[in-house]
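Here are some reading notes to go with the model. Please keep the structure open while working through the points.

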Amino acid sequence: MRDLSAGPRVLLKRLRELMAEPLEPQERLDRIVRQIASNMVAEVCSVYVLRSDGILELYATEGLNKEAVHLSQLKMGQGLVGTIAASAQPLNLSDAQAHPAFRYLPETGEEIYHSFLGVPILRAGRTLGVLVVQNKASRNYREDEVEALETTAMVIAEMIATGELKKITRPGLELDLTRAVTIEADGYSEGIGLGHVVLHEPRIVVTNLLNEDAEKEIQRLGESLGGLRISIDDMLSRREVAQEGEHREVLETYRMFAHDQGWVRRMEEAIHNGLTAEAAVEKVQSDTKARMMRLTDPYLRERMHDFDDLANRLLRQLTGFSGRASDESFPSDAIILARAMGAAELLDYPRDRLRGLVLEDGAVTSHVVIVARAMGIPVVGQAAGVVALAENGDPIIADGDDGQIHLRPMADLQKAYEEKVRLRARRQEQFKALRAVEPLTKDGKRISLQMNAGLLVDLPQLVESGAEGIGLFRTELQFMIASTMPKLEEQEAFYRNVLKQAAGRPVTFRTLDIGGDKVVSYFRAQEEENPALGWRAIRLSLDRPGLLRTQLRALLRASAGAELKMMLPMVTEVSEIRAVRELMQKEVQHLSKFGHSLPRKLQFGAMLEVPALLWQLDELMAEVDFVSVGSNDLFQFSMAVDRGNARVADRFDNLGKPFLRILRDIARAGERNRTSVTLCGEMASKPLSAMALLGIGFRSVSMAATSIGPVKAMLLGLDIDQLAGELNAALDDTKSSLLIRDLLVRFAEANNIPV
Ligand code: PEP
Ligand code: MG
C-alpha cells in the first residue's frame with residue numbers, strides 16, 4: 001500500500017466530487033467503492049448497510065462477485081461484518097479466515113482474500129453499516145489506514161442519512177435509520193401525544209465535511225478548544241456555580257475531557273485525513289459514543305453524556321450555531337425529547353405547539369413534570385436511550401397513559417393511536433359533561449375540588465374544568481420564566497389579572513417557593529450540598545424580607561376590596577408564620593397610610609410539607625385559617641426519598657400505611673381544631689389516591705385541571721362512610737400485611753367506582 005499521508009486527502013476530494021455529481025444512488029455507491037479500492041490499493045472494497053430487520057446487506061462492491069450485491073446478507077453479530085456492526089469497533093486482520101467469527105459466503109468469492117479491514121459506518125454513535133477493504137496478500141493494515149477508512153465511512157454515513165439509499169432498497173425492506181422503535185418507559189402525565197420530534201439539545205448537523213486546508217482547520221480547532229476551556233474555567237471560578245444550573249462535578253468532568261490529549265490528537269488526525277474541524281469533532285464524538293453506548297455501568301454512561309455535551313459545545317463554538325429550531329421550522333405538533341430539563345426551559349417553548357414531553361430521566365413529582373401536567377401535555381419519563389435514537393422531525397407517539405414511546409411508528413400503529421386519541425377526546429367530553437354536576441359523594445358529602453395553577457394560560461381551565469377555585473397558585477412560575485426579577489408593579493398586575501380571570505372563584509396564592517430544584521437564574525444562591533433541605537421557600541423569604549414584602553404588597557394591592565387568600569410554603573416551625581404575619585402587618589399599615597384600599601378579608605394559611613409540623617399540629621391550626629398539605633414534599637421528607645431522583649422516588653408507595661397514617665393524623669387534627677385542610681400535591685390528581693384521601697377524612701383537594709373530571713367521576717360513585725370503615729380498620733391493623741393499595745383497588749372494583 002502506498003504512503004497514505006496524502007492518500008486520504010486525495011480520496012476525500014474525489015469522493016466529494018462523486019457526491020456532487022448527478023448520479024443514480026447505485027452508480028454513485030459503485031463508483032465510491034471503486035475509488036476507495038483504488039486509492040487504498042485494495043483488491044476489494046464493499047459496503048454493507050444495516051436494515052431495519054437487523055440484517056446487513058451488501059449494497060456495493062469492487063472486487064467481489066457483483067451478483068452478490070443485494071443478495072449477500074449477514075445478521076448483526078454474525079461473521080466479521082456482523083461483529084463489527086455489533087461492537088462498533090474496527091477489525092484489522094491479516095488472516096481473516098482464521099478469525100473465529102469468519103463466515104464463508106460462497107456467492108461472493110472472497111476466499112482468496114486473506115487480509116481484511118472493516119470499520120463501522122457511524123452517525124451520532126449509531127451503526128448504519130460496515131465498510132470493508134480486503135487484500136489477497138496477508139498483511140496488517142496500519143493505524144493510519146484504519147483511521148483513513150473510518151474517515152471515509154463518515155461520507156457514506158452522510159449518504160445513508162440523507163435517505164439516498166432508499167431508492168435502491170428492495171420493496172418491503174427498510175434501512176435501520178428509519179426503523180420503528182418502541183421504548184417501554186413510565187407515564188408521568190396522562191394523555192397521548194402524536195407529533196414530531198424536537199430535540200431539546202439538538203445535534204448540530206455538520207454538512208461541510210471535507211477540508212481544503214488542514215493547517216487552517218487545525219488552527220480553528222485549537223482556537224475553539226481554547227475558547228471552550230476558558231468558558232469552562234470561567235464557570236468553575238464563579239462561586240455560585242449552582243446558579244448556572246450546572247453542577248460542579250459535571251463541570252470538572254468537562255474540564256478533564258477538554259484537556260484530554262487523546263481526544264485532541266484523534267480530532268487532529270481526522271483533520272489531517274481531510275475532514276473539516278467540525279466534521280472531525282463529530283467523527284470522534286460518534287466513535288466514542290458508539291463505544292460508550294455499549295457500556296452498562298451507569299456511572300460511565302453518565303460520563304458519556306458529559307462527553308457528548310462537551311463535544312456539542314465545541315461544535316457550537318466552531319459553527320456559531322445554537323442548533324435550535326427557528327420559529328418557522330418548529331413543528332406545530334412538537335414532542336420535546338430531553339435527557340433532563342428544568343421547568344423554566346419547558347416554559348420557553350411555544351405552548352400552543354407542544355404535544356408532549358419525553359424525558360430520559362425525571363421523576364413524577366419533579367417540577368418540569370408538574371409544569372407539563374399543568375399545561376395538560378402528556379409526559380413519558382425514564383425513556384432510556386431515546387435521544388440518541390431520534391432525529392429532529394421524526395414522527396413519534398408519546399403515550400403518557402401506558403408509558404410508551406413509539407418512534408417512527410408503522411402506519412397501522414399510527415392509525416390505532418389516532419383512534420385511541422379520538423376515544424380519549426370522547427371521554428374528555430363525558431368529563432366535561434360533569435362540569436356542572438355538584439361534587440357530592442353517593443352518601444351525600446360535598447367535596448371541594450380545586451385546581452393547581454401558576455401561569456395566566458392556566459386560567460381558562462378554571463371554567464372549563466368546573467373547579468371550585470385555585471387551591472394552589474405557584475407564584476414562583478412567574479419568576480422562573482422571567483429573565484429579571486419581576487418588579488412590584490409587574491407582580492401586582494399579574495395577580496390582578498389572575499383574580500380578574502378567576503371571576504370571583506377563590507384563588508390561594510402561595511408565596512415564593514424558590515430554591516431547591518426551582519432555579520431562578522437572576523437570583524444569586526450559593527451552591528448547596530442538599531438543596532431540597534437548604535435555603536429555600538419561606539426560609540429564603542424571611543432572610544430576604546425585601547423580596548417577601550414586595551410580594552405581600554403586590555398581593556394586598558391586587559386584592560383591594562376583595563378576599564386575599566395566601567399561604568406559606570415549607571413552614572418548619574410555627575414561629576415562621578408569626579414572623580410573616582408581622583411583615584404583613586407592616587405592609588397593611590404602609591398601604592393604609594398612603595390611602596390604598598385593602599382586601600376585604602384576609603385568609604392566612606400554611607403548607608404542611610415538613611414533618612416537624614406533625615408535632616405542632618394543634619399550634620399550627622390555631623395560628624392559621626387553613627392548612628394545605630404539600631404531599632410531594634411531605635412524602636419526600638417523610639420517606640427520605642428525593643422526589644426528583646427516579647431511582648428512589650417511587651421506591652415506597654404513597655398509598656402505604658406510614659404515609660396514609662400521617663395524612664390521616666393531619667385530617668383528624670383539622671377536624672379537632674375546626675381548621676380547613678386541603679391537599680394540593682400530585683396525589684390528589686389520581687382518582688385512586690384521591691379516593692384514599694376522602695376515605696381518611698379529607699374533604700378538599702386541589703389538583704391538575706385535567707384531573708378534575710376523572711376525580712369527580714370517582715367521587716360521584718363513592719360511599720365515603722363505607723370506604724372509611726374498611727380503610728381505617730386496615731390502617732389500624734398492626735398485624736395484617738395487606739397492602740392498602742390492593743384494598744383500594746378491590747374496593748373500587750367491587751363498588752364500580754371508576755379509578
Ligand atoms: C408539594 O410539595 O406537594 C407542593 C404542592 O408543592 P410543590 O410541588 O410546588 O413543591
Ligand atoms: Mg412543595
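This is a predicted model: local features need pLDDT of at least 70, side-chain atom pairs count only at pLDDT 80 or more; totals for chains, interfaces and linings use all residues.

1. A polar atom in the side chain of arginine 643 sits 2.8 Å from an oxygen atom of ligand 1. Arginine 474 also places a polar side-chain atom 2.8 Å from an oxygen atom of the ligand. At glycine 630 the contact comes from the backbone: one of its N or O atoms lies 3.4 Å from an oxygen atom of ligand 1.

2. How much of ligand 1 does the protein bury? Taken alone, ligand 1 exposes 290 Å², and the protein buries 100% of that. The largest share, three residues, comes from H21.

3. The shell around ligand 1 can also be read by residue. There are 16 residues around the ligand, and those that come nearest are Arg474, Arg510, Glu609, Asn632 and Arg643. Sorted by class, the shell has seven charged, five polar and four nonpolar residues.

4. Next, look at threonine 276. This residue belongs to the loop that runs between helix H7 (261-272) and helix H8 (277-292). Is threonine 276 buried or exposed? Its relative accessible area is 2%, and buried means under 20%, so threonine 276 counts as buried.

5. What does threonine 276 touch? Leaving out residues up to four places away in sequence, threonine 276 touches Asn208, Leu209, Leu210, Asn211, Glu217 and Ile271. With asparagine 208 there is a polar pair: the backbone oxygen of asparagine 208 lies 2.7 Å from a polar atom of the threonine 276 side chain.

6. Helix H24 (residues 687-695) is mostly covered, with nine of its nine residues buried. Among these buried residues are Pro687, Ser689, Met691 and Gly695. The cover over the buried residues of H24 includes helices H23 (657-673), H25 (708-716), H26 (720-732) and H27 (740-750). Strands S21 (676-679) and S22 (700-703) are also part of that cover. After H24 comes glycine 697, which has a positive phi, near 120°.

7. Last, a point about annotation. An unreviewed UniProt entry places the feature "domain: GAF" at residues 24-170. Over residues 24-170 the chain is 29% helix and 27% strand. The end C-alpha atoms of this stretch are 15 Å apart.

How values were computed:
Residues are numbered from 1 along each chain as its sequence is written. Chains are lettered from A and ligands numbered from 1 in the order in which they are written. Side-chain values use heavy atoms; hydrogens and water are left out. UniProt positions are given in the numbering used here, feature names are shortened, and annotations may be inferred rather than shown by experiment. Helices (H or I, at least four residues) and strands (E, at least two) are DSSP runs, numbered from the N terminus. Buried means under 20% relative accessible area, exposed over 50%, partly exposed in between (1.4 Å probe, protein chains only). A polar contact is a pair of N or O atoms within 3.5 Å; within protein, one must be able to donate a hydrogen and the other to accept it, and residues adjacent in sequence count only if both atoms are side-chain atoms. Contact means heavy atoms within 4.5 Å. A residue is near a molecule or strand if one of its heavy atoms lies within 4 Å of it. Accessible areas come from the Shrake-Rupley method with a 1.4 Å probe; for residues, only the protein chains shown count as cover. Ala, Val, Leu, Ile, Met, Phe, Trp, Tyr, Cys and Pro count as nonpolar, Asp, Glu, Lys and Arg as charged, and the others, Gly among them, as polar.
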